[in-house]
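Here are my notes for you, written as numbered points. Please keep the model open while you read.

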Amino acid sequence: RDNGRAELLGDAAARRGEDVRVEMADEDRGVGINDHQLQVLGEKVATIKNLSSAIHNDVQEQLSFLDEMQLRLGQTTDSLRATTSKLQDLINEGGGNMPLCYLVLFITFIFLVLYYLTKSK
């Protein structure tokens, strides 16, 4: 009777051992899948990091370009103000708008002459 009982218990223990091995194999497969997913996720994070770094560099370059452009526009504005001031002084000193009108007519005449000369060739 003890022999039969040992067989039954041994058989049950063997089945439990087999169940434990199956569960461990399932866990190993799950860990392997998780490792693979973590690796894929890590690669995606690295890609996003590289992309954000490239965007940062591009933004810094554009900011530098905009700063340079703002400086040049400021210089151009100052130059236009100085030119306008000089023209205003010229008009005030020259006795009105007549000298300026003669200047504009002369420049227009020169452009027309050059235009006809280049058209005729």
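1. Let me start with a charged pair: Arg 72 and Glu 68 form a salt bridge, with their closest N and O atoms 2.9 Å apart. The term stands for a side-chain nitrogen of Lys or Arg within 4 Å of a carboxyl oxygen of Asp or Glu. Side chains of opposite charge can pair when their charged atoms come close. Arg 72 and Glu 68 are separated by about one helical turn because they are 4 residues apart in helix α1 (residues 2–93).

2. A word on what you are looking at. This is a predicted model, in which local features need pLDDT of at least 70 and side-chain atom pairs count only at pLDDT 80 or more, while totals for chains, interfaces and linings use all residues. Residues are numbered from 1 along each chain as its sequence is written, and side-chain values use heavy atoms, with hydrogens and water left out.

3. How exposed is the pair from point 1? Arg 72 is exposed, at a relative accessible area of 51%, whereas Glu 68 is partly exposed, at 38%. The cut-offs are under 20% relative accessible area for buried, over 50% for exposed, and in between for partly exposed (1.4 Å probe, protein chains only).

4. The structure holds 2 salt bridges. Arg 81 and Asp 78 also meet in one, at 3.8 Å from N to O. Arg 81 and Asp 78 lie 3 residues apart in helix α1, so about one helical turn separates them. Arg 81 is exposed at 58% relative accessibility, and Asp 78 is partly exposed at 47%.

5. Now the chain as a whole. It has 2 helices and 0 strands, taken as DSSP runs numbered from the N terminus (helices: H or I, at least four residues; strands: E, at least two). Of its 121 residues, 2% count as buried. The accessible surface comes to about 11,200 Å², and 61% of that belongs to carbon and sulfur atoms; areas come from the Shrake-Rupley method with a 1.4 Å probe, and for residues only the protein chains shown count as cover.

6. Which residues make the nonpolar surface patch of about 860 Å²? They are Leu 103, Phe 106, Ile 107, Phe 109, Ile 110, Phe 111, Val 113, Leu 114 and Leu 117. Patch residues have over 30% relative accessible area and no salt bridge; like charges are joined within 9 Å, and nonpolar side chains (Val, Leu, Ile, Met, Phe, Trp, Tyr) within 5 Å. One of the members, Phe 106, sits in helix α2 and is exposed, with a relative accessible area of 52%.

7. The structure also holds 1 aromatic pair. Tyr 115 and Tyr 116 form it edge-to-face, at 5.6 Å centre to centre and with 65° between the planes. Rings of Phe, Tyr and Trp (its six-membered ring) pair if their centres lie within 6.5 Å, and planes under 30 degrees apart count as stacked, over 60 as edge-to-face and the rest as tilted. Tyr 115 is partly exposed at 45%, while Tyr 116 is exposed at 54%.

8. Finally, Thr 118 belongs to helix α2 (residues 98–120) and is exposed, at 57% relative accessibility. A polar atom of the Thr 118 side chain lies 2.9 Å from the backbone oxygen of Tyr 115.

Terms used: Polar contact = N/O pair within 3.5 Å; in protein donor to acceptor, adjacent residues only side chain to side chain.
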